[in-house]
Amino acid sequence: MVDFQSPTKTIYTNPPCNVSTSSSHLRHTFLNLKDKSLLLMEISCSSKTVALLVLLLATLTTLSLGQGNRGSGSGTRLGYYRSSCPRAESIVQSAVRSAVQANPTIAPGLLRMFFHDCFVNGCDASILINGPSTEKTAGPNSLLRGFEVIDAAKSQLETACPGVVSCSDIVALAARDSVVLTGGRSWQVRLGRRDGLVSQASDTANLPAFNDPISVQIRKFADKGLNTQDLVTLVGGHTIGTAACALFSYRLYNFNNTNGPDTDINPAFLPQLRALCPNGGDALRRVALDTGSDNSFGNSFYENLRNGRGVIESDAKLWSDRRTQRFVQRYLGGGEQTGSRFNAEFGRAMVKMGNVEVKTGTQGEIRRVCTATN
């Protein structure tokens with residue numbers, strides 16, 4: 001990478017006639033000249049200077065593309081299928097609506113699917129691929145649901161627009177539509193992702209886990225270009241859905257070998273959880289993550305965290321750690337303004353996450369079926 005802070009020997013050994021030879025001037029030229037014709041006018045001297053400027057431009061372009069893959073949406077755009085498949089979004093929406101009306105638990109499943117897909121090799125639908133040792137077989141993904149909805153939407157899209165709409169874009173749209181169908185606010189989804197060619201269970205090791213400390217959660221999100229506010233906001237997706245007793249019952253009885261429960265649990269809430277998940281009971285029994293609101297998208301999840309009613313350990317820690325507590329506080333309160341703030345920022349965070357390490361252009365492929373590469 002070119003060091004902007006030090007002069008380049010070539011310039012000083014062969015100084016140009018009327019262009020400043022300082023690297024700071026070159027940097028200023030690149031950062032401030034938007035019109036390439038003006039840039040060319042600025043260069044009125046040696047070919048060596050031209051070569052250096054071209055090199056700097058290439059470096060800056062490469063850096064920009066790399067940053068775009070971390071969440072800026074580089075390569076994706078609104079209205080991507082407007083001409084090639086104008087009914088794409090409505091077809092996905094119809095498939096999701098039918099599924100959620102028949103089984104409301106599908107909505108949180110589709111939302112989680114998008115999250116788990118984007119955190120492993122980017123949002124590339126690698127989570128959909130069948131086979132031994134694929135992402136779908138990994139422990140963190142074993143209880144996900146809604147795969148058949150993606151398949152149904154893909155089948156309809158292949159009839160309407162063969163080989164056009166990627167499975168990864170279907171997953172992104174389905175997540176948005178699931179939120180809307182459970183009472184959340186819509187957002188515009190940037191499209192144009194392509195499907196990945198690799199799916200390995202081992203790659204799921206870096207998925208955020210139910211017992212991750214806050215420092216680990218922050219690091220895992222930061223690795224994907226997402227900040228602490230994004231973390232707190234996206235975890236708010238737990239306002240819909242449930243968790244199996246296996247994921248949190250250890251908090252209820254002998255937490256960290258203390259012969260007692262996790263002290264982050266409100267003592268008044270503890271009997272309710274123990275009744276649902278008795279010691280040695282059914283590990284697969286499902287319990288609402290947002291008590292009293294598991295099928296309705298809203299900010300009540302954060303109220304439960306404040307009141308010591310967070311079910312999963314990693315969720316509960318969002319309130320007990322001051323690094324994340326301040327963002328939880330932004331979404332507290334029953335007023336319309338607070339709810340609107342959460343809805344708006346959730347959509348923003350979903351757009352940001354949805355553009356993490358996306359494959360576009362000639363990368364990946366458009367799968368004919370979502371469960372296998374072409």
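Q: Which residues does Lys154 touch, not counting residues up to four places away in sequence?
A: In this predicted model, Lys154 touches Val165, Cys167, Ile170, Ile366, Arg367, Arg368, Val369 and Cys370, with residues up to four places away in sequence left out.

Q: Why is Lys154 called buried?
A: The relative accessible area of Lys154 is 2%. Buried means under 20%, and Lys154 therefore belongs to that class. Its place is in helix H7, which covers residues 147-160.

Q: What makes Ser300 partly exposed?
A: Ser300 has a relative accessibility of 26%. Buried requires a value under 20% and exposed a value over 50%, so Ser300 falls in between and counts as partly exposed. Ser300 lies in helix H12, residues 300-306.

Q: Which residues does Ser300 touch, not counting residues up to four places away in sequence?
A: With those residues left out, Ser300 touches Thr239, Asp290 and Ser293. As for Tyr331, 31 residues apart from Ser300 along the chain, the C-alpha atoms of the two residues are separated by 8.7 Å.

Q: Is Leu332 buried or exposed, and what is its relative accessibility?
A: Leu332 has a relative accessibility of 14%. The limit for buried is under 20%, so Leu332 counts as buried. It is found in the loop between helix H14 (322-330) and H15.

Q: Which residues does Leu332 touch, not counting residues up to four places away in sequence?
A: Leu332 touches Asn299, Tyr302, Glu303, Arg306, Trp319 and Thr338, apart from residues up to four places away in sequence. Asn299 is 33 residues apart from Leu332 in sequence, and their C-alpha atoms are 7.1 Å apart in space.

Q: Why does Gly260 count as buried?
A: The relative accessibility of Gly260 is 13%. Gly260 lies in the loop between S1 and helix H11 (270-276). Leaving aside neighbours within four places in sequence, Gly260 is in contact with Tyr253, Asn254 and Phe255. Gly260 and Tyr250, ten residues apart in sequence, are 10.0 Å apart from C-alpha to C-alpha.

Q: Why is Asn259 called exposed?
A: Asn259 has a relative accessible area of 71%. Exposed means over 50%, so the term applies to Asn259. Asn259 is placed in the loop between S1 and H11. Although it is not a glycine, Asn259 has a positive phi of about 60°.

Q: What makes Ser133 exposed?
A: At 53%, the relative accessible area of Ser133 is set against a limit of over 50% for exposed, and Ser133 is therefore exposed. The residue is in the loop between H6 and H7. Ser133 is not a glycine, yet its phi is positive, at about 60°.

Q: What is the volume of the largest pocket?
A: The largest pocket has a volume of about 870 Å³. It is lined by 40 residues, and the closest to its centre are Arg112, His116, His238, Leu247 and Ile312. It is called a pocket because its set of points is open, whereas a probe in a cavity cannot get out.

Q: Which helix gives the most to the lining of the largest pocket?
A: H6 gives the most, with six residues. H6 (106-118) is one of the elements that each supply at least two residues of this lining; among the others are helix H9 (214-222), strand S1 (242-244) and helix H15 (336-353). The lining divides into 21 nonpolar, 13 polar and six charged residues.

Q: How many cavities of 30 Å³ or more does a search of the whole structure find?
A: The search finds two, and the largest cavity has a volume of about 60 Å³. Its lining includes Phe114, Trp187, Arg190, Met350 and Asn355. The lining residues comprise six nonpolar, three polar and two charged.

Q: How do you know where pLDDT stays under 50?
A: pLDDT is the predictor's confidence in each residue, from 0 to 100, and it stays under 50 over residues 1-73. For the chain, the mean pLDDT is 84, and 80% of the residues reach 70 or more.

Terms used:
Residues numbered from 1 in each chain as written. Predicted model: local features only at pLDDT ≥ 70, side-chain atom pairs only at ≥ 80, totals over all residues. Heavy atoms only, no water. 1 Å grid on protein atoms, 1.4 Å probe; cavity = no way out; pocket = protein on both sides within 12 Å on 5 of 7 lines; lining within 4 Å. Points joined across faces, edges and corners; volume = space filled by probe spheres on them. Nonpolar A, V, L, I, M, F, W, Y, C, P; charged D, E, K, R; others polar. Helix = DSSP H or I, 4+ residues; strand = E, 2+ residues; numbered from the N terminus. Buried < 20%, exposed > 50% of the residue type's maximum accessible area, 1.4 Å probe, protein only. Contact = heavy atoms within 4.5 Å.
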